[in-house]
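Here are a few exercises to work through with the model open beside you. Try each task on your own before reading its solution.

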Amino acid sequence: MYAVFRKELADHLSSKRFGILFILVLLAAMFATYLAVQNIRSVVTSDTEFVFLKIFTTSGETLPSFLFFLSLFIPIVGIALGFDAINSERTSGNLSRLLSQPIYRDSLINGKFLAGLAILGIMIASVIALVAGLGLRIVGVPPSSEEVLRLIAFVLLSMVYGAFWMALAVLFSVFFDRTATSMLASIALWIFFFFFMSMIAGTIADARVPIDQNSSLEMVTKNFEIQGMIGRISPCTLYGEATSALLTPELGSLNPALMMISILAAGRMLTPLPFSQSLLLVWPQVVSIIALAAICFAVSYIRFMKEEIRSI
Amino acid sequence: MEQIVETKNLTKTYNGFTAVDRLNLTIREGEIFGFLGPNGAGKTTTILMLLGLTEPSSGTVQVCGYNPTREPLKVKRIVGYLPEKVGFYEDLTARQNLGYTAELNNLLRREAEERISELLATVGLSQVADQEVRELSRGMKQRLGIADVLVKEPKLVFLDEPTSGIDPEGIEDVLKLITSMAKKGITIVFCSHQLHQVQKICSRVGILAKGHLVAEGQIDRLGKRAIGGGRYRIEAQVARLSPKLIDAIRQVKGVIEAQGSGDSLLISCNRDLRGQISKVIVDSGSLLLGMKIEEYSLERIYKKYSKEA
């Protein structure tokens with residue numbers, strides 16, 4: 001498996017695809033960070049804690065935050081790393097040649113997946129490190145140990161999220177013979193989850209519990225709860241909620257309505273949660289993303305292992 | 001010769017369709033075995049079972065003393081396979097592609113580098129060793145495939161249509177390569193629809209039809225069984241053909257049968273007797289107008305067995 005892993009890693013690192021994506025993510029990250037640093041003064045007061053984390057969550061006047069850019073690009077990187085993992089080997093005639101070498105069949109899919117995961121890790125960690133470095137230089141406030149911990153958790157979570165999209169793309173690459181089909185299927189699913197899922201959740205919630213300006217607090221809360229519940233079918237929502245809670249320690253709940261009610265009741269921003277509490281808060285989301293990635297990989301693994309070689 | 005491949009009642013069924021049906025096949029060490037049959041006869045399925053890439057539905061199989069289903073890695077370490085549609089990583093060079101195969105076979109870097117250079121020279125690709133595979137012609141890729149198969153220094157090699165899509169000169173090169181591999185002691189299973197190529201290099205053949213092995217053995221023996229007579233058929237045009245001359249030819253050592261019709265003389269024999277026969281004709285005072293010799297055509301044998309199947 002190590003030989004497959006090494007070859008795949010080398011292929012990714014020397015590929016134009018990786019280069020283009022890395023530059024794109026880096027440019028977007030740098031731009032978002034620069035804008036965040038410009039606006040950070042307006043959101044930070046003298047008693048604001050976790051100033052360093054604001055670099056990642058503060059948006060510009062017209063442009064979204066680094067966090068948003070990352071949540072947009074991670075699925076694209078994941079899909080780019082996995083959509084042709086198996087079917088390209090099959091169509092190029094490499095698969096039967098490779099499998100006639102003294103390796104187990106699962107070494108191929110495992111090696112490819114691990115190499116993709118390593119690339120995701122390198123890309124995400126280096127982008128976040130660069131942004132952190134840039135922010136540190138401009139803002140001049142060093143991160144506290146808790147902020148560092150939160151950033152490490154953020155990197156790991158982003159890797160798991162990327163792994164889900166890569167596993168999904170690998171799954172399609174096992175099921176579909178053509179690389180174009182597996183890429184389109186992966187992108188279609190990403191568009192659906194990223195753009196349409198929240199709209200669908202909102203429509204269903206409004207149909208179940210209609211709200212307007214005169215609606216009671218109970219109705220609004222219920223509407224938001226339904227929206228949140230349906231929205232959590234999407235891994236994009238799960239990732240968004242989990243990263244928001246990790247990078248915004250003040251977030252005491254993942255339900256925006258409950259959060260708003262708490263702030264209104266307290267009359268000020270809430271006390272930040274310690275890291276362990278934030279981690280507990282996002283744990284269901286983290287486990288769900290891990291489970292989704294594991295399911296996708298397991299299905300592609302079983303299908304690939306059981307596939308009759310004559311069709312390969 | 002020792003048996004390197006032995007199958008007993010080997011059967012493979014896909015969704016109710018029997019691709020290989022109770023196959024009893026024996027391949028001997030060091031021979032070039034022609035594995036023939038029409039498309040869909042079950043040749044590739046058989047090879048995949050012999051390599052441990054697909055599991056037999058029933059029956060037993062032994063390759064180089066191992067069971068490929070239970071010990072696939074042991075089999076794949078010493079058995080090479082060149083698929084019909086061999087593919088390489090187009091963006092890697094010929095040398096890098098072989099390097100990856102060497103790595104998959106756990107060869108040490110230094111040993112691998114030396115062996116790869118040797119193999120590239122053997123298949124005549126030293127000049128293009130550092131060119132990307134996308135720049136190579138079909139024939140070159142096929143030769144690279146043969147080098148790829150040899151990286152692991154196999155005892156047994158399966159070549160599935162190794163000459164398909166190659167120009168005549170390239171075919172000659174590939175056939176020479178195969179023959180040289182056999183001279184080095186590698187057993188070769190050669191699958192091809194090009195029967196004249198099979199006849200040229202194979203010592204024995206097996207004919208598969210609808211999953212059944214309908215014939216197996218040396219070409220001349222199969223020919224004798226299917227068509228009759230000897231391995232060679234000599235046809236001579238003779239002026240003044242007489243029964244006495246026919247009798248004289250029948251007395252030549254090695255002649256199995258001689259028949260005359262008009263000025264044509266048909267002789268069946270197991271070796272090339274043109275010299276002796278010409279002498280008998282000339283000595284008898286007849287005039288030899290022409291002579292041609294034909295070996296058993298594998299095509300005729302193949303058609304005969306396929307038709308029977």
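The exercises below concern a predicted model, and each comes with a worked solution.

**Exercise 1. Work out the strand order of the open four-stranded sheet in chain B, and find its edge strands.**

Step 1: Follow the pairings across the sheet. The order is β12-β13-β11-β14 of chain B, and the pairing is antiparallel.

Step 2: Look for strands that pair on one side only. These are β12 (255-261) and β14 (287-295) of chain B, the edge strands.

Step 3: Compare the directions of neighbours. Ignoring direction, neighbouring strands of this sheet are turned by 15° against each other on average.

Step 4: Zoom in on one pair. β12(B) and β13 (residues 264-269) of chain B run antiparallel and are joined by six bridges. Within β13(B), S268(B) is the bridge partner of E257(B).

**Exercise 2. Find the strands that helices α9 and α10 of chain B lie across.**

Step 1: Begin with α9 (residues 243-250) of chain B. This helix lies across β12 and β13 of chain B, and runs at about 165° to β12(B).

Step 2: Move on to α10 (residues 274-283) of chain B. Here the strands are β11 (232-239), β13 and β14 of chain B, with an angle of about 160° to β14(B).

**Exercise 3. Describe the hairpin of β9(B) and β10(B).**

Step 1: Check the pairing. β9 (residues 204-209) and β10 (residues 212-218) of chain B are antiparallel, with six bridges.

Step 2: Find a bridge pair. A209(B) has H212(B) as its bridge partner in β10(B).

Step 3: Inspect the turn. Two residues sit between the strands, and K210(B) takes a positive phi near 50°.

**Exercise 4. Identify the residues with the most contacts inside the largest nonpolar core.**

Step 1: Locate the core. It has 73 residues, and the ones with the most contacts inside it are A147(B), L159(B), I188(B), V189(B) and F190(B).

Step 2: Ask which helix gives the most to this core. That is α5 (residues 138-150) of chain B, with six residues.

Step 3: List neighbours of A147(B). Leaving aside residues up to four places away in sequence, A147(B) touches L98(B), L119(B), L120(B), T122(B), V123(B) and L125(B).

Step 4: Look for a separate core. Another one, of 69 residues, includes F83(A), I119(A), A163(A) and V282(A).

Key. Residues are numbered from 1 along each chain as its sequence is written. Chains are lettered from A and ligands numbered from 1 in the order in which they are written. This is a predicted model: local features need pLDDT of at least 70, side-chain atom pairs count only at pLDDT 80 or more; totals for chains, interfaces and linings use all residues. Two strands pair if DSSP finds at least two bridges between them. Axes are lines fitted to C-alpha atoms, for helices over the stretch in contact, and angles run from 0 to 180 degrees between N-to-C directions. Two residues are in contact if their C-beta atoms, placed from the backbone, lie within 7 Å. A nonpolar core is a set of buried Ala, Val, Leu, Ile, Met, Phe, Trp, Tyr and Cys residues joined through C-beta atoms within 7 Å. A residue is buried if 20 or more other C-beta atoms lie within 10 Å of its own, exposed if 12 or fewer, and partly exposed in between; C-beta atoms are placed from the backbone.
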